[in-house]
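Morning, everyone. I have one model to go through, chain by chain and then contact by contact. Please have it open while I talk.

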Amino acid sequence: MIPEIIIRNAPALLIAVPMLAAFVTPVIAKAGNGVMKAWALLATAVTAAIAGIIAWQVLDFGTIIYTFGAAAPGLTIPLDSGGIPVRIIFTIDAMSAFMGIIAAISGFAVCLYAIASEKRQTGQEMFFALLLLLEVGILGMVSTGDLFNFFVFLEINSIAGAALVSYRIRGGLSVEAAMKYGFVSTLGGLIVLTAIGLLYGQYGALNMAMVATRMQFTVLDGIALAMLVTALAMKSGAVPMHFWTPDAYGLAPSSVTAFLVVASQASLYGVFRIVFTLYGGIVQTLDWTTVGWIVIVLGVLSMFVGVTMAIPQHDVKRLMAYHAVSQTGYMLLGVGVGIALLGTASFDTYGIVAMEGGIFHIFNHAMYKGLLFLTAGAIIYRTGTSDLNRMGGLGHSMKWTMLFFGIGALAIAGIPPFNGFASKLMIYESVYLFNPLLAVIAMVVSILTLASFVKVFHAMFMGPKLPEFAEVQEVPAPMLLGMGLLAVIVVLFGVFPDQVVAGLVEPAARALADQGAYIASVLGGA
Amino acid sequence: MIANLPFIAVTVIALIGIVVILTRKNLVKMVMGLSLIEAAVNLFLVSLGYRNGGIAPIFTNAPAGEMVMPTVQAMTLTNIVIGIATTALLLSFVMLVYRKYGSADAGVMRRLKE
Amino acid sequence: MNGIARTLTILVLAGALLYTAFSLSFGAPAASDMDDYFIQHGQEQTGANNIVTAVVFDFRGFDTLGEATVLFTAVLGVGLLFRKFSAEEDE
Amino acid sequence: MMTRIVRTAAGVLFPFVLIFGFYIVAHGHLTPGGGFQGGAVIATGIVLLVAAFGAGEIGRRIGPGALKGSEALGLLLFIGTAALAFGFGGTFFANWLANGGAIFGNVVPFGPNPGDLNTGGVIPLMNLAVGIEVLGALSVIVLLMFKGVREETE
């Protein structure tokens, strides 16, 4: 059905297709704006299809290995090299495939939405090319098994993200936010590269599996771990390095913000990959409980600071941005509990559930937070304001948007039957067994989130129809379709959480926790 | 001490960059600080691959002798180009901030704080 | 950021960097098997005398594609900033 | 716009800069250099022209369209060369021309040698592609930033 050459080279095509599409987008735009948009949409659709093929292959046949430049994809170790990988290797295990699906779905929905939402802007060909490049960056970061390659894609991600944040100048405000985002990302990138240099200087390898097998955990490795985790946590917007998040999320075009959420989660994936895969083999020397608790404390702080900062906001996108910080805390909490229990007997009983909850929450957050940002963008598109105090009564004219916002708001607050409930329930249950206090904090934060979103819902949609918004209509169909796609996923994943967890999330969590399998898939059965 | 001079130079350059970023308010100077850190990282990478008495890993008319490590040089090359790209983008941001606010001082970037 | 936190940050970073500078040995890399492979086999496999180029374009060619993409991204970003705006655009 | 002396000197120097740049690109697999370095040299030549004649004049003469086109062309050549390996049963970025005996396909024995231009497989092609891309990209960035400065002072 699918040609063999595509299946064989799917990991390369996953990057090459959006990249190639981005390269020719400015050229294609000469044939007309509509052609260019169709082209961008087609590119994201094909990328999503390839991500789907990869996920299906990974879940059916195990980790996919792709060696760039070798005679065959599986030829990771040249015969004459004495057992070391020398080329760049993509190692797509269940976790990578999982992140790839998030990026692909979100990319497609955002592209669909942006077709209508950006139609009043100039420079659209550059906008869509950058959107595709941001997708390239995310997909590359989550697929690669090579440290330096990871850095290169991190930079693509950062630069494309920073450029997109400044898309609408807004009298300089967006440029200011983009400046902050770009500066922080570049600094983070340099810190990551220094850490990679430290690892390379000691072990002479860049492949993650190879470095993991050689890892001695010297003091320098500790410094490298601290640098990597700091820089990537900074880019993922966790407290205390969250200061750029509200600015960048709040001032980017809404379509971009929905995708920046995924870009931040790719950095979060980087944290997990580095802690589990790169440093996972040194259980004896590294105190995992301490590392786990550091992650947990960061998570709880993110949850709490995010939600308390969100409540007084009156700009709808800044408010949602602070909630994004808060939700990142849930992922850190879930996975942090998993890290703290790694290697103990409890890991297999509830540690893994906590990790699954955290990882499932990554997916859910990308979907419902993307949906919320898109609905906020829809309202700003029609009303021209993002100030909650000036909105009201929009429920009369924007029924679909109201519905989608309601779905997203209930999902973020963890109300059944939406997907946020499914993952939060897993986190509550397992974290309660680990430490009841943490579970209580998590629930309190959820209630505060609900309160905050009830307020927003009321401010935006309820009340009498305001005279200044008498002309307001529903947004164009592509925007509704983009939001609808995400809303359907939010509902479906909330209704059938068990199937999703068993099919996608559990393999991802197991793959992340099983460092031995990762190394064996690259280096052979060593 | 003296044997590790290149790494000490890396430390000094990186620290100058960090101090510039933390203490200066002018955005152009902050970007310059970032460029200094980047230069330090590049020097760090190249120094990692040096072998005593090594020659450049290029065989064209090469004298016999041990060669230094090529991977770090390739990484440095990549990072230099990435550095050009990020610096160009950040300086463009600074130009736009200057145009809109009439100043390139980080102090004017307070409009976002509420 | 106030003065004390700033000084503290600089001191911690200086300590970490100095420790790194003194614990790595210059001129004698700890592990170099991958680079030795490139030097030994690079010519035979890629036909290029310049091993750095062989690494850049063959062994790690994918990085170079990423790097070229970064440059392209920056050009798009700069172009986006200095584009001509239309009047009815929501800035 | 600089004085006549500078303009004449820039005009005389430019072809040499161009030739030197392409030399670096073409010999990337034999001597220090390659696509990025050579492309940067050529872009420097264009910056020299900009310094002598002013960005407006050069922008009109060369045109950002041509430079952006060269950038896109370079990238397409690069990714296309890499993707052609699929057709030869290799993976993305496999060197499908090396040691083939045809174009750039001469076999190189291990060890120092005087260098043969007809080696390297796809590496010279990729060097050329990257050279075209980098000269376009860097020139476009410089021209765009000059344009931004001009708008600012107006």
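I start with chain C, which reads α-α-α-α along the sequence. That is four helices and zero strands, where helices (H or I, at least four residues) and strands (E, at least two) are DSSP runs numbered from the N terminus.

Before I go on, the conventions. This is a predicted model, so to speak: local features need pLDDT of at least 70, side-chain atom pairs count only at pLDDT 80 or more, and totals for chains, interfaces and linings use all residues.

How much of chain C is buried? The figure is 54% of the 91 residues. Buried means that 20 or more other C-beta atoms lie within 10 Å of the residue's own; exposed means 12 or fewer, partly exposed is in between, and C-beta atoms are placed from the backbone. Helix 3 of chain C is mostly covered, with nine of its nine residues buried. Among them are I51(C), F57(C), D58(C) and F59(C).

Now the contact between chains C and A. Chain C puts in 40 residues and chain A 46; two residues are in contact if their C-beta atoms, placed from the backbone, lie within 7 Å. On the chain C side, helix 1 (3-23), helix 2 (33-46), helix 3 (51-59) and helix 4 (61-81) each give two or more residues. Helix 4 of chain C gives the most, 15 residues. By class, this side of chain C has 17 nonpolar, 11 polar and 12 charged residues. Here Ala, Val, Leu, Ile, Met, Phe, Trp, Tyr, Cys and Pro count as nonpolar, Asp, Glu, Lys and Arg as charged, and the others, Gly among them, as polar.

Chain A also touches chain D, with 18 residues from chain A and 13 from chain D. Helix 2 (10-28) and strand 1 (64-67) of chain A each supply at least two residues on the chain A side.

Next, chain B. Its elements run α-α-α from the N terminus. The radius of gyration of chain B is 19 Å, well over the 13 Å that the globule rule gives for 114 residues, so chain B is more spread out than a compact globule. Its C-alpha trace spans about 65 × 35 × 20 Å along the principal axes, and 46% of its 114 residues are buried.

One residue in chain B: I82(B), in helix 3 (residues 70-101). Why does I82(B) count as buried? Because it has 28 C-beta neighbours inside 10 Å. Leaving aside neighbours within four places in sequence, I82(B) is in contact with E155(A), E67(C) and V70(C).

Last, the largest nonpolar core. A nonpolar core is a set of buried Ala, Val, Leu, Ile, Met, Phe, Trp, Tyr and Cys residues joined through C-beta atoms within 7 Å. This one has 340 residues, and L130(A), L131(A), L333(A), L371(A) and V490(A) touch the most other members. Helix 14 (residues 346-383) of chain A gives the most to this core, 21 residues. Beyond four places in sequence, L131(A) has contacts including V110(A), L164(A) and F259(A).

Definitions and conventions. Residues numbered from 1 in each chain as written. Chains lettered and ligands numbered in written order. Rg over C-alpha atoms; globule rule 2.2 N^0.38 Å.
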